Amino acid sequence: MATEPTTELPIIDRFGPHLSRMAGVRLDTGAEPDKLVKTHCCFCGQQCGIQLKVKDNEVIGFEPWEDFPFNKGMLCPKGVKRYLQGSHPDRLLSAMVRDGKAAGGFRNVGYDQAIKQVAGAIERIQREYGPDAFGMLSGASLTTEKTYLMGKFARVCLKTSNIDYNGRLCMVSAAAGNKKAFGIDRAANPWSDIPKAEVLWIAGSNVAECSPITTSYVWQARENGAKIIVVDPRITPIARTCDLFLPVKPGRDIALFNGILNLMIEHDWLDHDFIENHTVGFDALAEHVQQWTPKRTAEVTGIAEKNIRQAAEWWGQAKTSFLMHARGIEHHSHGVQNVLGAINIVLASGRIGREGCGYATITGQANGQGGREHGQKCDQLPGARDIANPEHRAHVAKVWDVDPDSIPGPGVDAYEIFRKIDRGEIKGLISLCFNPKVSLPDNAFVQRCLEKLDFYVAIDFFLNETARHADVVLPGSLQEEDEGVVTQIEGRVIKINKAVECPGDAKQDWRIIQDIAKALGRTHGMTFSGPRAIFEELRAASKGGVADYSGITWEKVEQNYGVFWPCPSEDPEGKPIDHPGTLRLFEPGTWNPIAKGAGPFYFPDGKARFNVAAYSPPTEDVDDEYPIILTTGRVVSQFLSGTQTRRIGPLVDQYPEPRMEMHPRLASKLGIADGEWATAESRRGTCTLKAQVVQTIRPDTIFIPYHWAGRKSANQLTISAQDPISKIPEYKVCAVRVKKADGPPAYDAELEAQQ
Amino acid sequence: MPVPEHFDFFVDPNRCIGCQACVQACAECDTHKGRPMIHLEYVERSTSTQTVPVICMHCDSPTCAEVCPADAIKKTGDGVVQSARKPRCIACNNCVIACPFGVPKMQSDFELMMKCDMCYDRTSVGKRPMCATVCPSGALFYGTREQVEQLRPRSRPINTFQFGHQTITTKVNMMVPAGPGGTPGSSSAEYVDVTSAMHDESAAGGSGKRVRLNVLEDSLFQFESDAVEEPDDAATTT
């Protein structure tokens with residue numbers, strides 16, 4: 001039973017989150033560093049270049065890296081203060097096993113003993129219940145080498161099909177939509193195309209807070225005369241000065257895209273040549289969107305008809321454009337349909353595959369892109385290969401030197417892994433840098449599932465809320481303690497460089513995984529000398545796949561400030577080439593391994609697909625009992641489940657605790673004033689937070705950021721409805737009722753703001 | 001080594017996204033040991049997400065220095081106004097009260113006025129100030145006037161400010177809409193009349209501080225649900 005070994009307060013007392021601030025050598029900001037290490041930020045998908053100042057094996061600060069072309073030295077507050085997580089008092093420095101009598105519920109043990117215990121538990125569970133009874137969850141912030149190793153470890157060493165990753169909560173709707181429309185899953189354009197566009201369409205993306213450096217590209221487009229259309233239920237900082245703000249009712253984005261396409265057809269704002277020569281499926285779509293008249297679109301989306309017409313006119317008549325979207329349209333039980341709706345208006349305009357004509361989803365996590373391409377996603381093998389495809393399996397099996405039949409088939413998504421635990425089908429779990437107790441919806445269910453596990457081992461560098469349930473905790477590595485590549489928002493493969501050594505008994509994650517394999521006596525293919533050797537095998541495993549990294553080397557990455565994939569090592573005739581990487585996808589005349597010259601898109605005929613994007617309301621719509629929409633998201637100073645950022649003092653000072661954002665009209669109706677305690681209740685849970693009364697949100701919607709745990713967690717309320725294709729959860733809409741709280745909640749007296 | 005003359009500082013609130021990267025980075029500077037000397041203000045959070053980064057404007061004739069009874073605030077030969085000198089500062093707050101831009105802050109635990117010195121430790125050796133280097137939206141920019149003019153064709157730098165009868169010229173420029181040929185409806189004035197702007201009821205929607213959002217005026221929210229009534233004051237105006 002993986003219940004927490006003790007009550008919450010002793011665990012928090014020992015493991016935090018406590019706050020780290022500038023102190024000691026860090027306060028001496030004039031201290032001369034021993035070295036400056038060029039690397040990248042450890043947080044979001046933009047992966048800004050940064051130089052870490054290192055002194056005496058400690059990261060003591062940063063210096064902007066102005067040569068790096070994506071961010072040119074720019075950083076958001078998280079990047080500036082990231083260095084405060086190294087040498088943090090909460091850092092796990094030893095392996096631990098649960099012991100209810102020990103302070104904080106865990107007792108330190110020797111690393112080798114812990115590894116033996118983990119291997120013993122894996123062996124026992126798999127012997128008793130079969131290989132699939134042991135599941136794996138990993139993270140999209142890991143280097144591509146680590147994610148490759150995790151995928152190989154699951155399939156070759158554990159022989160379990162049950163592996164998935166936390167990118168499932170992030171971008172899979174975009175990935176699935178991209179594959180259905182383009183046959184490839186990557187932002188189509190480099191960000192340098194943004195300032196060259198006449199019109200920018202930003203859908204469901206709080207760019208300023210979730211990917212701040214992207215703002216500079218958007219503002220430059222505005223300076224160059226671009227019209228900016230922002231679709232969001234909140235007036236985020238990017239919406240404040242846009243040209244057209246469309247305050248969509250959460251969950252109704254497909255209706256808007258269909259309505260726009262309807263107007264594009266009516267006014268003949270279409271690129272007929274492009275549709276004819278480079279796409280299939282337009283006629284069926286055109287017939288479908290006939291029902292989406294401006295009037296009906298306005299009724300469903302809550303956007304004024306006049307503004308829908310204005311958006312269609314600007315979008316339809318532009319010569320160049322860039323459409324970008326993020327979790328706002330993806331975190332839905334019909335997230336893939338939303339994405340397809342967005343792609344449809346891009347394809348109908350014919351504005352893709354050219355300079356200044358772009359389309360992209362905005363990657364949320366550090367390696368959201370590379371992390372899913374190379375094997376930790378439940379249905380993919382390295383190179384974005386399909387695990388169910390016999391040819392794909394054969395290629396990877398040869399690289400792995402195993403029988404193709406020995407590779408397990410497709411597994412289930414991260415949420416379904418918990419449902420399998422609930423049903424008793426999965427008995428043991430290993431997690432690496434994933435905190436589902438905070439980040440998955442309906443987290444009371446997640447906690448119940450964790451408590452059902454026979455055995456749970458967590459690898460992490462802080463004891464996150466999920467790892468508190470572990471039987472064994474293995475101390476992993478911070479980003480600056482290892483090296484390898486990640487693939488950032490534009491599809492640029494970049495290099496993370498090691499700045500310091502792991503402290504104490506902490507180990508690089510790839511060592512820990514291989515040590516478990518060794519203790520299991522299953523060392524086949526799990527004896528890499530380091531990340532470079534893993535990357536070399538990954539290159540071979542991805543060769544010829546859609547996500548072809550075979551022409552990328554670490555040296556090439558460092559020399560060129562990154563290399564955009566696909567980057568094959570051979571030309572179409574099989575001759576070795578030094579490929580420069582693919583800056584922009586779908587350029588006319590380009591070759592790919594699927595179309596083989598038939599066209600720029602990744603289907604056998606080389607043509608993109610229009611897909612009918614059918615509208616359906618959110619799974620849980622409002623009603624008399626729960627009349628208000630809850631939507632969730634981020635704030636700029638916190639990241640994901642807050643494991644790292646809720647420990648960094650200056651970031652916590654900036655936004656210390658979650659607040660419930662609501663419009664003055666709603667607040668007035670409920671009798672709640674700014675700063676007063678308010679309680680939101682859904683069918684799954686209750687959450688009491690301070691109200692923030694602002695006019696910058698729809699009056700029928702409240703917003704809560706999701707970075708906090710326990711009784712402050714927004715995911716106590718959210719619904720576990722998932723998209724049927726991508727399995728992404730519907731974080732952006734559920735029904736709640738809100739009332740004024742009688743007074744401060746009980747937690748307010750015992751917990752610090754960030755806990 | 002002086003701060004290069006051809007490098008200027010530009011502040012553009014139109015670009016500010018309120019992320020506080022500038023504040024967090026400023027605290028990293030060598031001279032003030034973990035304390036930020038820049039601050040970020042929400043103009044009125046209840047109605048807008050508009051924020052403004054506030055740095056020292058480095059006035060040609062700094063009022064803070066003029067009112068200092070202890071002669072603690074010095075301006076360098078290259079035009080940078082420094083924090084108060086510790087041996088001289090008497091923590092009287094005259095500078096805090098007098099600065100028309102609201103910049104100096106009294107650090108009560110040090111009994112010392114500290115403020116932005118344009119990262120003198122960096123700018124005087126050829127580096128850019130920390131806040132302007134990291135600012136992810138370009139709201140703070142340090143470079144040449146030619147660079148700004150090329151990058152910002154719809155904006156114009158102004159470094160003359162009118163406060164009632166007082167005219168102040170500064171080393172730091174505010175970016176304003178370019179006027180004719182640039183953003184429609186903007187001014188082509190050669191100075192920013194701060195006092196008038198604070199009292200311009202018509203331009204500011206009935207409240208001197210209220211920020212009008214540059215989005216379509218009639219993009220009012222519509223509701224299917226009767227959970228809340230339709231607003232008449234949704235923050236969606238031009």
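This is a predicted model: local features need pLDDT of at least 70, side-chain atom pairs count only at pLDDT 80 or more; totals for chains, interfaces and linings use all residues.
The size of an interface is often given as the accessible area lost when the parts come together. For chain B and chain A this buried area amounts to about 5300 Å², with carbon and sulfur atoms contributing 50% of it. On the residue level, 59 residues of chain B were found in contact with 70 residues of chain A. As to the elements involved, the helices α1 (21-26) and α5 (130-134) of chain B each supply at least two residues of the side that touches chain A. When the residues on that side of chain B are sorted by class, 24 are nonpolar, 17 are polar and 18 are charged.

Within chain A, attention was given to T643(A), which is located in the loop that runs between β23 (628-633) and α24 (649-654). T643(A) has a relative accessible area of 11% and is therefore classed as buried, the cut-off being under 20%. Apart from neighbours within four places in sequence, the residues in contact with T643(A) are N435(A), F462(A) and N464(A). Of these contacts, the one with N435(A) spans 208 residues along the chain, although the C-alpha atoms of T643(A) and N435(A) are separated by 7.9 Å. The side chains of T643(A) and N435(A) are also joined by a polar contact of 3.3 Å.

The cysteines were examined next. A disulfide is a covalent bond between the sulfur atoms of two cysteines. A search of the whole structure, covering all chains, returned zero disulfides. For C56(B), the nearest cysteine sulfur belongs to C116(B) and is 5.4 Å away, so that C56(B) takes part in no disulfide under a cut-off of 2.5 Å. C56(B) is itself buried, as its relative accessible area is 7%. In chain A, C357(A) is likewise counted as buried, because its relative accessibility of 0% falls under the 20% limit.

Conventions:
Residues are numbered from 1 along each chain as its sequence is written. Chains are lettered from A and ligands numbered from 1 in the order in which they are written. Side-chain values use heavy atoms; hydrogens and water are left out. Contact means heavy atoms within 4.5 Å. Buried area is the accessible area (1.4 Å probe) that two parts lose on being put together, summed over both. Helices (H or I, at least four residues) and strands (E, at least two) are DSSP runs, numbered from the N terminus. Ala, Val, Leu, Ile, Met, Phe, Trp, Tyr, Cys and Pro count as nonpolar, Asp, Glu, Lys and Arg as charged, and the others, Gly among them, as polar. Buried means under 20% relative accessible area, exposed over 50%, partly exposed in between (1.4 Å probe, protein chains only). A polar contact is a pair of N or O atoms within 3.5 Å; within protein, one must be able to donate a hydrogen and the other to accept it, and residues adjacent in sequence count only if both atoms are side-chain atoms.
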